[in-house]
Amino acid sequence: MGCQALTYSRAKAAAAENIRSLEDALSEAFYAHADAAVLRSFPGLRTVLGAPRILGEIGDDRERFTTARGLKSYAGTAPAAPRPTSVCAWSAINDSTPPRTSGRFH
């Protein structure tokens with residue numbers, strides 16, 4: 001039993017060392033990128049998990065999103081227009097009466 005525990009302990013230490021070396025390589029590559037300072041300025045984005053992931057998602061083509069609104073829309077953080085929820089709202093928007101339903105929900 002002691003031999004298994006020692007083997008698991010060594011494997012865990014090796015995995016932890018591999019993670020540290022990958023984090024160092026990722027940080028080095030990220031800081032070399034032209035947009036690193038901009039991405040690091042976003043609140044909540046960390047060097048290892050946040051900013052490089054955003055860079056990977058949106059790419060590094062600066063011409064892809066011409067406005068901040070376009071990027072926000074792509075990311076799903078742009079506010080959506082409210083939808084009408086009542087007959088009064090329907091009439092105000094469409095200048096007509098809402099379509100009639102049979103009273104049954106399908």
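The secondary structure of the protein, taken from a predicted model, consists of five helices and zero strands. From the N terminus on, the order of elements is α-α-α-α-α. The protein has 106 residues, and 10% of them are buried. Among contacts with a separation of 6 or more, 13% join residues 24 or more positions apart. The accessible surface comes to about 9300 Å². Carbon and sulfur atoms account for 58% of that surface.

One aromatic pair was found in a search of the whole structure. The pair is formed by F30 and Y31, with ring centres 5.9 Å apart. Their planes lie at 55°, so the pair counts as tilted. F30 is buried, because its relative accessibility is 4% and the limit for buried is under 20%. Y31 is partly exposed, with a relative accessible area of 42%.

The largest pocket has a volume of about 280 Å³. Its lining comprises 13 residues, of which D35, I58, D61, R62 and L71 are the closest to the pocket centre. Two elements, α2 (36-40) and α3 (51-58), each give two or more residues to this lining. By class, the lining of the largest pocket holds seven nonpolar, two polar and four charged residues.

The second largest pocket has a volume of about 210 Å³. Eleven residues line the second largest pocket, and F42, I54, I58, L71 and A75 are the closest to its centre. Here the elements that give two or more residues are α3 and α4 (68-75). The most comes from α4, with five residues. The lining of the second largest pocket divides into eight nonpolar, one polar and two charged residues.

Technical notes
Residues are numbered from 1 along each chain as its sequence is written. This is a predicted model: local features need pLDDT of at least 70, side-chain atom pairs count only at pLDDT 80 or more; totals for chains, interfaces and linings use all residues. Side-chain values use heavy atoms; hydrogens and water are left out. Helices (H or I, at least four residues) and strands (E, at least two) are DSSP runs, numbered from the N terminus. Buried means under 20% relative accessible area, exposed over 50%, partly exposed in between (1.4 Å probe, protein chains only). Contact means heavy atoms within 4.5 Å. Accessible areas come from the Shrake-Rupley method with a 1.4 Å probe; for residues, only the protein chains shown count as cover. Rings of Phe, Tyr and Trp (its six-membered ring) pair if their centres lie within 6.5 Å; planes under 30 degrees apart count as stacked, over 60 as edge-to-face and the rest as tilted. On a 1 Å grid over the protein atoms alone, a cavity is a set of points where a 1.4 Å probe fits but cannot get out, and a pocket is an open set with protein on both sides within 12 Å along at least five of seven lines; lining residues have an atom within 4 Å of a point. Grid points are joined across faces, edges and corners, and a volume is the space filled by probe spheres set on the points. Ala, Val, Leu, Ile, Met, Phe, Trp, Tyr, Cys and Pro count as nonpolar, Asp, Glu, Lys and Arg as charged, and the others, Gly among them, as polar.
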